[in-house]
Amino acid sequence: MIIHTTRFGDIECPEEKIVKIPSGIIGFPASTRYLILDHDRDVPFKWLQSLDQEELAFVIVDPVWFKPDYRVTIALDEIVELGPVDERELVMFVILTIPSDDPSCMTANLRGPVVVNAETRMAKQLILRDDFPTRAPVLHGVPARPVTVGHSISLVECHR
Amino acid sequence: MLVLTRKITEGITIGPNIRVIVLEIKGGQVRLGIEAPHAVQVHRDEVYARILEENQQAARTDAVRLPPFTQLQDLVKKKA
């Protein structure tokens, strides 16, 4: 299918690439289907483009890339909507805020990561209990080359 | 807004399966216990508001050409 986007014009979106976020990105409940634009392998960032609102897109990044010690614990009951979960199939990214006047001041929201079940392509934005910042500076511990990214998610049965 | 007065150990029931119980009142603070189905997300107001606000900021990012790895070092240096 072809999707219309404000930033990138018309884009071909294969059905099987659609990421579903049933509860939406917080603040944007009207968008539940997204496409991850990751064509440029030399760029650590990707765009998360809404299929439901053409003007809505977020820049996302694997948090481990700039914060290798980022570890989160997720309760299974928090991600019921992702379907049956195999820990190895879980992928996580965080949303960046990039000021247009100075991209070097970009920050990452480490408190509200998005978890994707790579198997089902169902995703959810979490609000972590741990006191991670919503505006963590990105460009201070950046490695010269892409790092091999380890697994940063632990699953527990229940938080409460 | 519905306003109810409760004592310690008393609670309120919301819908068929959510309960909020007053556990402790100390100084200006109230400790609440919340029983809710797993699918119901419970968050402190200010945390939820912060995430929402940050998402709205993030959604304003222009269609900038995102810097490749090679240019990131320049950005970092510029910052330093």
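B:Thr9 is placed in the segment before strand 1 (11-14) of chain B. The model described here is a predicted one.

B:Thr9 counts as exposed, because 10 C-beta neighbours fall inside 10 Å, and a residue is exposed if that number is 12 or fewer. Leaving aside residues up to four places away in sequence, B:Thr9 touches B:Ile21 and B:Val22.

A second residue of chain B, B:Ala49, belongs to helix 1, which spans residues 45-58. B:Ala49 has 13 other C-beta atoms within 10 Å and is therefore partly exposed. From B:Ala49 to B:Val20, the C-alpha atoms are 21 Å apart in space, and the two residues are 29 apart in sequence.

| Residue pair | Separation in sequence | C-alpha distance |
|---|---|---|
| B:Ala49 and B:Val20 | 29 residues | 21 Å |

Chain A may be described as a whole. Its secondary structure comprises 13 strands and 0 helices, and along the sequence chain A reads β-β-β-β-β-β-β-β-β-β-β-β-β. Of the 160 residues in chain A, 35% are buried. Where contacts in chain A link residues at least 6 apart in sequence, 55% of those contacts join residues at least 24 apart.

Technical notes
Residues are numbered from 1 along each chain as its sequence is written. Chains are lettered from A and ligands numbered from 1 in the order in which they are written. This is a predicted model: local features need pLDDT of at least 70, side-chain atom pairs count only at pLDDT 80 or more; totals for chains, interfaces and linings use all residues. Helices (H or I, at least four residues) and strands (E, at least two) are DSSP runs, numbered from the N terminus. A residue is buried if 20 or more other C-beta atoms lie within 10 Å of its own, exposed if 12 or fewer, and partly exposed in between; C-beta atoms are placed from the backbone. Two residues are in contact if their C-beta atoms, placed from the backbone, lie within 7 Å.
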